Amino acid sequence: MTAPTIILVVEDEPLVSMALVDDLEATGFVVLEAANAAAAVKLLESRNDIRLIITDVDMPGSMDGLMLAAAVADRWPPIQIIVVSGHRDVEISDIPTGSAFYSKPYRTAEIIETMNQMLA
């Protein structure tokens, strides 16, 4: 039996976060949540089992999702990254190599398909 895959969702909109977390958990992922980049970094520093992070770009605090993605790629290179945004056009050059970007509203099934490819 394989251990469940741990995912970190970083999203400041509670309803968006709840919907995504529910869908990911229904697919079999174990999901941790953070409402901003600072909380996400604390979780990442305290655990070594997070395999993938999904982060919104626009969040409160001193670090947005693009800065968080860069920090994760630098400090925790094995962690896969998916960036989402409903307000900004993000170029592939704005996110770490190997990451993925989705505009909101996204189809969760597409994100899960990308996650499965990244984690394979």
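This is a predicted model: local features need pLDDT of at least 70, side-chain atom pairs count only at pLDDT 80 or more; totals for chains, interfaces and linings use all residues.

Student: What makes the contact between Lys-104 and Glu-11 a salt bridge?

Tutor: The side chains of Lys-104 and Glu-11 meet at 2.9 Å, N to O. A salt bridge requires a side-chain nitrogen of Lys or Arg within 4 Å of a carboxyl oxygen of Asp or Glu, so this pair qualifies.

Student: Where in the chain do these two residues lie?

Tutor: Lys-104 lies in the loop between β5 (100-103) and α4 (108-119), and Glu-11 in the loop between β1 (6-10) and α1 (14-26). The two are 93 residues apart.

Student: Why is Glu-11 called buried?

Tutor: Its relative accessible area is 6%. Buried means under 20%, so Glu-11 is buried.

Student: Why does Lys-104 count as partly exposed?

Tutor: Lys-104 has 22% relative accessibility. Partly exposed lies between the buried limit of 20% and the exposed limit of 50%, so the term applies to Lys-104.

Student: How do you know that Asp-64 and Arg-88 form a salt bridge?

Tutor: Their side chains meet at 3.3 Å, N to O. The cut-off is 4 Å, so the pair counts as a salt bridge.

Student: Why is it said that this pair ties together parts of the chain?

Tutor: Asp-64 is in the loop between β3 and α3, whereas Arg-88 is in the loop between β4 and β5, so the pair ties together parts 24 residues apart in sequence.

Methods: Residues are numbered from 1 along each chain as its sequence is written. Side-chain values use heavy atoms; hydrogens and water are left out. Helices (H or I, at least four residues) and strands (E, at least two) are DSSP runs, numbered from the N terminus. Buried means under 20% relative accessible area, exposed over 50%, partly exposed in between (1.4 Å probe, protein chains only).
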